[in-house]
Amino acid sequence: KTTTMVCLPYPTFLKSPTSSPDALSLSAVGRARIHPQADDKSYQQIVSKCIQQSQVPEDTKENKQTRKKYMKQGVQLASDFLSLQLNLDVSVVDVETVLSATDMVESDGCLACCFLDAGCQYIVVQVQGEEGLTRALEAIEVSRLPRERIVLDYQLSPDQEFVQQVTDVSSQVGTICVKMSDGSCSDLLQKIATWEQKTKLAVEISNDTVQSTKLNELVSRVSKAMGEDKGSIALVDPTAEQLGLAFAACMKTDRNDGLYTTVVCTRSNEALGLVYSSKESIVAALQCGRGVYYSRSRNGLWRKGDTSGHYQTLHRIDVDCDGDALRFTVTQNGDDIKAFCHLNTLTCWGEPRGIRHLEGTLQQRLVNAPAGSYTKRLFEDETLLRDKLVEEAQELSEPGSKQDVAGELADVLYFAMVRATKAGVSIDDAVMELDRRAKKVTRRQGDSKAFRIKSGEEILGKK
């Protein structure tokens, strides 16, 4: 039997995720749904810029440049909105953004592309009013997005067959969101259990329609019904305690103490150490946005860094394919040294190797380089560093054996890491940017820039 990932709950924020201190870190469960219209001023600025972009024809080179300028301005507005106002890290969290079908149509689909290019994973199209479905499908059509990136948020009508309605739109959307209440629970669970459509389901559960005392049990039942990767579970405006306990309700453990084995990793998926989590520690981690675990020796919560100062910023919590182990993705911090291990090393397996070891060495050289250090010379001579970057990149571009390419790549990585370290940029910062870019739908033509080539040739010509 094929093993599939566990279906887990995530928050849907009717208000801003920054509206309550308790909600700030809830997106660390790896997914979140937002309603940007809740911040009307910022949202309307983004909409206006996208409409402005859509009104520029692409008939001349000048118009194409103008349209591109408006597109970049819109994406920047959306990026700032997501990261600065909503405190969402789109590079590590799968963000669903709910958009008005009318706004999507009026912007000729530019609005949806804008939010995806800014790092959102899904566009949620709301169906409103009697003609809502027609309008929503029109918005989806003009946006020209991959169907797997679209969620149709649509209260299914009781006078039509559930499966038939899904079949009618399944070729256009990847997920359909349905709302669950105490009254519809049994019927909907039965439909989920027998679901054979390619279109996934997102089941939305609200405290207004489900008794809080039944929430964990209901989430667990939906998760089991979704066991074959049929969809997801969205909890409306949950507290950290509600979300953490519902999250744990979808897991299992064969340990007598009820704990979950937990691997702590960097953003680059490097293992820092092995710890254990409890239901209470999961809740505590979501409450404070830090690495919080369960200490078996102390028989209580272990808030990493409270004693050592080596605290962790929590980015994401994942469950493995069997549903019995956790992975915490964190940034390891520390005023004196960034160490997860009690032996003051980054990992519990000793010092890192490869590019992470290079990063650590360069950070040390930046503050305390030995006499005659070439790295120190590069830090102090910007022209030399620039010239070496151009030189090594040019050598890497030339044909060569596998060994030659590996050697030139190592050279480029060294000089690039010197440049990054001097600017305060880490490996994890670069990983964050790569992950964010992977969510874009707008692709550039990618031609070389003549003025950059000319500058490079001038640098190489001096040697």
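Colleague: In what order do the strands of the open sheet of four strands stand, and how is their pairing described?

Modeller: In general, strands of a sheet pair through backbone hydrogen bonds, either parallel or antiparallel. Here the order is E10-E9-E14-E13, and the pairing is mixed. Strands (E, at least two residues) and helices (H or I, at least four) are DSSP runs numbered from the N terminus, and two strands pair if DSSP finds at least two bridges between them. The model is predicted, so local features need pLDDT of at least 70 and side-chain atom pairs count only at pLDDT 80 or more, whereas totals for chains, interfaces and linings use all residues. Residues are numbered from 1 along each chain as its sequence is written, and side-chain values use heavy atoms, with hydrogens and water left out.

Colleague: How many strands make up the closed barrel, and how do they pair?

Modeller: The closed barrel has eight strands, running E1-E2-E3-E4-E5-E6-E7-E8 with parallel pairing. On average, neighbouring strands of this sheet are turned by 25° against each other, direction ignored. One of the pairings joins E5 (residues 150–153) to E6 (residues 175–180) through three bridges; Asp153 stands opposite Cys177 in E6. In a regular strand the side chains alternate between the two faces of the sheet.

Colleague: How should I read the crossing of helices H7 and H8?

Modeller: Axes are lines fitted to C-alpha atoms, for helices over the stretch in contact, and angles run from 0 to 180 degrees between N-to-C directions. Angles under 35 degrees count as roughly parallel, over 145 as roughly antiparallel, 65 to 115 as roughly perpendicular and the rest as oblique. The axes of H7 (residues 185–193) and H8 (residues 215–225) come within 9 Å and cross at roughly 25°, so H7 is roughly parallel to H8. Contact means heavy atoms within 4.5 Å; Cys185, Leu189, Ile192 and Ala193 in H7 meet Leu218, Arg221, Val222 and Ala225 in H8.

Colleague: At what angle do H13 and H16 cross?

Modeller: The axes of H13 (residues 382–397) and H16 (residues 450–461) cross at roughly 100° and come within 10 Å. H13 is therefore roughly perpendicular to H16.

Colleague: Which residues have the most contacts inside the largest nonpolar core?

Modeller: A nonpolar core is a set of buried Ala, Val, Leu, Ile, Met, Phe, Trp, Tyr and Cys residues joined through side-chain atoms within 4.5 Å; buried means under 20% relative accessible area, exposed over 50%, partly exposed in between (1.4 Å probe, protein chains only). The largest core has 103 residues, and those with the most contacts inside it are Phe115, Val125, Leu152 and Ile205. Helix H4 (residues 110–117) supplies the largest share, seven residues. A second, separate core of eleven residues includes Leu378, Phe379, Tyr414 and Val431.
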